[in-house]
Amino acid sequence: MRPHKKLEVWKAGMKLTSDIYASVNTFPDTEKYGLVSQMKRASVSIPANIAEGAARQTKKEFRQFLFIARGSLSELDTHLELSLNLNLIEKEIFRDLSNQINKINAMLNGLLKSLTS
């Protein structure tokens, strides 16, 4: 088994990505190449960077990829907030996705802290 597949934060990132893909299906076609594309790309970047970092040789390299994942998470959070402001997403779905983002952020921060020790 690849090392990233053991990480709960990677699993949470994969679930978030799947949920983002499902939620943007209701967005208007005019957002297909705008917000929808940006949200999909940012969400995919989260577990992808966790996976790439976990495969690296040093803790320093792993940390760098976790920082990138955390940046993508913040980007996604902004896209999600904008989607709510534009009435493109229901409040209940927004809350669920925001909760997932907050959970993953805490997990990333914890993992980053453990790699510093």
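Predicted model: local features only at pLDDT ≥ 70, side-chain atom pairs only at ≥ 80, totals over all residues.
Local features require pLDDT of at least 70, side-chain atom pairs count only at pLDDT 80 or more, and totals for chains, interfaces and linings use all residues. Residues are numbered from 1 along each chain as its sequence is written, and side-chain values use heavy atoms, with hydrogens and water left out.

Helix 1 spans residues 8-24. Helices are DSSP runs (H or I, at least four residues), numbered from the N terminus. Helix 1 packs against helix 2 (residues 35-54) at an angle of about 165 degrees. Their axes lie 9 Å apart. Axes are lines fitted to C-alpha atoms, for helices over the stretch in contact; angles run from 0 to 180 degrees between N-to-C directions. Helix 1 is therefore roughly antiparallel to helix 2 (angles over 145 degrees count as roughly antiparallel). The crossing of helix 1 with helix 2 is left-handed; in such a crossing the near helix is turned anticlockwise from the far one by less than a right angle.

On the helix 1 side, the contact is made by Val9, Trp10, Gly13, Met14, Leu16, Thr17, Ile20, Tyr21 and Val24. Helix 2 contributes Val36, Met39, Lys40, Ser43, Val44, Ile46, Pro47, Ile50 and Ala51. Contact means heavy atoms within 4.5 Å. By class, the contact of helix 1 with helix 2 has 14 nonpolar, 3 polar and 1 charged residues. Ala, Val, Leu, Ile, Met, Phe, Trp, Tyr, Cys and Pro count as nonpolar, Asp, Glu, Lys and Arg as charged, and the others, Gly among them, as polar.

Helix 1 also packs against helix 4 (residues 91-116). Here the angle is about 155 degrees, and the axes are 10 Å apart. This angle makes helix 1 roughly antiparallel to helix 4. Helix 1 passes helix 4 in a left-handed crossing. From helix 1, the residues in contact include Glu8, Ala12, Lys15 and Asp19. Those of helix 4 include Ile93, Asp96, Gln100, Met107 and Leu111. The contact of helix 1 with helix 4 comprises 11 nonpolar, 3 polar and 4 charged residues.

Salt bridges number 4 (a side-chain nitrogen of Lys or Arg within 4 Å of a carboxyl oxygen of Asp or Glu). One of them joins Asp19 and Lys15, with an N to O distance of 2.5 Å. Asp19 and Lys15 are 4 residues apart in helix 1, so about one helical turn separates them. Asp19 is partly exposed at 21% relative accessibility. Lys15 is also partly exposed, at 46%. Partly exposed covers the range between buried (under 20% relative accessible area) and exposed (over 50%), with a 1.4 Å probe and protein chains only.

Glu52, Arg56 and Glu61 form a network of salt bridges. Arg56 bridges to Glu52 at 2.7 Å, N to O. Arg56 also pairs with Glu61, where the closest N and O atoms are 3.8 Å apart. Arg56 is partly exposed, with a relative accessible area of 33%. Glu52 is partly exposed at 36%. Glu61 is partly exposed at 29%.

Ser72 lies in helix 3 (residues 59-85). Ser72 counts as buried, at 8% relative accessibility. Apart from neighbours within four places in sequence, Ser72 is in contact with Ala42, Ser45 and Ile46. Ile46 of helix 2 also takes part in the contact with helix 1.

Terms used: Helix = DSSP H or I, 4+ residues; strand = E, 2+ residues; numbered from the N terminus. Parallel < 35°, antiparallel > 145°, perpendicular 65-115°, else oblique.
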